[in-house]
Amino acid sequence: MKTRRVTAAIASVLALSLGAAACGGGDDNGGNGGGSGKKDAALTSIVNPSSKKGGTVTYEHSDVPDSLDPGNTYYGWVQNFSRLYARALTTFKPAAGKEGLEVVPDLAESLGTPSDDAKTWTYKLRKGLKYQDGTPITSKDVKYAILRSNFAPEALSNGPTYFKAYLEGGDKYKGPYKDKSADGLKSIETPDDNTIVFKLKQPFADFDYLATFSQTAPVPQSKDTGAKYVQNIVSSGPYQFQSYEEGRGATLVRNKNWDPKTDPIRKALPDKISVKFKVNPVTVDNDLLSDKITGDLAGTGVQPQTQPKVLQGKYASQTDSSYAGATQYIALNVNVAPFDNIHCRKAVQWGLDKQSVLDAMGGSPKGDVATTLLPPSVNGYTKFDTYATEGHKGNVAKAKEELKACGKPNGFNTILTARSDRPAEVAQATAVQASLKKIGINIEIKQFPSGKYFSNFAGVPSYVHEHKLGMLSMAWGADWPTGFGFLDQVVNGSAIKPSGGTNLSELNDPAINKALKDAIGNTDDAARTKAWGDIDKMVLDNASVVPVVYRKNLLLRSESAANVTVTQAYLGMYDYVLMSSTK
Amino acid sequence: MAAYIIRRVFGAVLLLLVVSAVTFAIFFLVPRLGGQTADQLATQYVGKDANPESIAAVKQNLGLDQPIAVQYWDYIKGLVVGAEYKFGPDATRCEAPCFGYSFKSHVEVWPQLTERIPVSFSLAVGAAVIWVISGVTIGVISALRKGRPVDRISMFIALAGVSLPIFFTGQVLNALFVYEVPIWDSIEYVPFTENPADWAWHLLLPWISLAFLFSALYARLTRAGMLETMGEDYIRTARAKGLKETTVVTKHGLRAALTPIVTIFGMDFGTLVGTAVLTETVFSLQGIGAYAVQSIKDNDLPIVMGVTLVAAFFIVFCNLIVDLVYAAIDPRVRYS
């Protein structure tokens, strides 16, 4: 038996090395796997529910975080993971299915109280909150945490700067490392140790979502060491750092000064949580399959080599195909000819065989064909298809009509960009090239490294114009799971920047800009949510964005993982606040 | 001898300076010559939310607004006398040798390197012991049994070893002995000072994968060297004097054949400390090679500089050692 298994192992490694797609999955003897779960069970329920305390949850990650400092991160998985040691004003409910998108108070005793115009938001902190060293957590610490994370780019430049953008006087404040005045930024008031008041430049009805960012987790000013703070994070959550090794890993143990009475949302079951970074991605998958670890911290799913093994056979019941909260799309730059003409843009919309593109990217495990810019897991998503074609295979006749209207009846030449180190994106570009050739659009593919894609190439309008980059591959996930959290940075004219921009279409439509501004100022939840779908339709009517794929993660639950559920609030990965282990 | 060593050390320092200048030029100067502005360079280190203020702040704090020559001078000065940086409320002192701060994570480069050097060094040492012993032994046996089955089989294995890349042999060994027939629970680096037995046990698979490649090469080199020296006149003389065959082979034949092996070993070992990228990646070992790849991917220039200098240092240092041991091996070599 062993000989056969050894032979099978050598054969599968050989097949992988030769680039062959391994089919099947070796011998399929064994138990149910993944505890009591079935395929996709964690999308709508908590798999292996348990209330047993103890054990160690072990994670591996094939890369490193931008930072584990709650004030210096933009990564979705860090936002999710940091909730174990950093409590924000609000957070997403650790719950299964749609319930996981609900914002609930965390450090705050209730959600924010807005003024009538939604320009002033007030939060009251819970009583009895303490840091790991036993000192009390005050509203001033929350204010300081927001100031250091948004206003000190010379040291902490990784995180988003929404607070800087929306707070009154945010554009003038120099940050806590330069401005040593006692008050700091005046538009955040702390009238007492339990109250914090935010005064905004403009109405902002999504503020409770903004307050879920780990940037609102308190930092005691006396313990802040800037970029070095990551090495000595002061915990406000149920776990604290026992060790931290830059770029290599960390171990978290219980924070004895965390009081469960102040925290109705965390069960804090495991005694210990260990994390290892820079593990070979195939090793991460193998460790999950052999139950050596509890979870893959990246939360983006198994590697292409592992997919055949888990799509069928005994491991299939341990998989969850979750929406990643992101859409893969092609931005058509409205300032590069011929896409300055809406009919040429529409020709691409009608002509593209999206199904063939999805197939080239890896088929259904990679996602579903997209017809909207907003992905289905985002609040405000409305299902529609402005350019509906049979089987998403494109409509050559309609595309040619649009080409005629555009003044290019025989098609045209253009350039499509892709990130060279993202195989799926390169495959997408090649499939788009093949598909559009049928209607006479001849595409030259230009590849750029992802590390410089926005800073030097696709996100630099002057470079894009000079090199006539008409079509730009793009993938975007929401900063928070509402229409505004998704759309603002990719279709708002204000997101066009000299470099590092993410509005790759350079869409600056006054009607869309106004609709975004009006909607985010609307405190009527239902009306606001409906508006996001309407804006999505406006973008598709403008035809400057070609949605291609709603990305999915093929997640794998290890056998020993308990309390496993997918959270749509954090890009479709597992909820790390809930997860525990039977080991 | 002392004068020779001092001369070589000066030469080594000079060489490292040249390496640092070339590396600096490749990563700092060439992008500028290619039209990249300081702003574009700084944008890479700002994170996802780049805006003019954050770009300007990062540019200034990382010194990217300075002329290239000034940046290089500051770097070299930091290596010798240390430097001061401000990535927080207060300035922090980076003591010499200060390799600067990571542009991405703002951590000091030198402590990161010192934590990773033992991993790469351990990997290279263990593998080297295996490949030298096995390679030289196989080479000697093959040479003495030239044309016989043992020679043919050895050389076939050697050919396979040279031909098979680490990411193949490493993955096969990993798949077999960690997952299918789990003799090892995991492959990881345990510091030698913590537990020497665990250190060796947990590195054995990476050692074997790496040594398989090199021992094949060394077996072929030893065989060729032995075949040549065993045909020399002094070997015939030694035999004619009635010396035992083992003495002839080890003291006269192998000793002469070892000189080129030692030379190439110095080069290989020195190079390997900084460049065992594939082995470190396959076995998830956090050594200098894997760190180099990460830093290049991130365009984290101070770390690229750091790993390049460390890798270059090991190559230069090992070559110096090789030159010094020449005299012990080959009496014809004298230092003058």
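Mentor: Two strands pair if DSSP finds at least two bridges between them; helices (H or I, at least four residues) and strands (E, at least two) are DSSP runs, numbered from the N terminus. This is a predicted model, in which local features need pLDDT of at least 70, side-chain atom pairs count only at pLDDT 80 or more, and totals for chains, interfaces and linings use all residues. Residues are numbered from 1 along each chain as its sequence is written, and chains are lettered from A and ligands numbered from 1 in the order in which they are written.
Trainee: In what order do the four strands of the open sheet in chain A run?
Mentor: The order is β4-β5-β7-β6 in chain A, with antiparallel pairing. Because β4 (113-114) and β6 (188-192) of chain A each have a single partner strand, they stand at the edges, and one side of each is left without a neighbour in the sheet.
Trainee: Over how many bridges do β4(A) and β5 pair?
Mentor: β4(A) pairs with β5 (residues 120-124) of chain A over two bridges, in the antiparallel sense. A:W121 in β5(A) is the bridge partner of A:P114.
Trainee: Now chain B: what does the domain assignment give?
Mentor: Domain 1 of chain B is 1-98 and domain 2 is 110-329; such bounds come from an automatic or database domain assignment. Their C-alpha centres lie 34 Å apart.
Trainee: How many residues of each are in contact?
Mentor: In chain B, 14 residues of domain 1 are in contact with 12 residues of domain 2 (C-beta atoms, placed from the backbone, within 7 Å). Helix α1 (residues 2-33) of chain B gives the largest share of the domain 1 side, 10 residues.

Methods: Contact = placed C-beta atoms within 7 Å.
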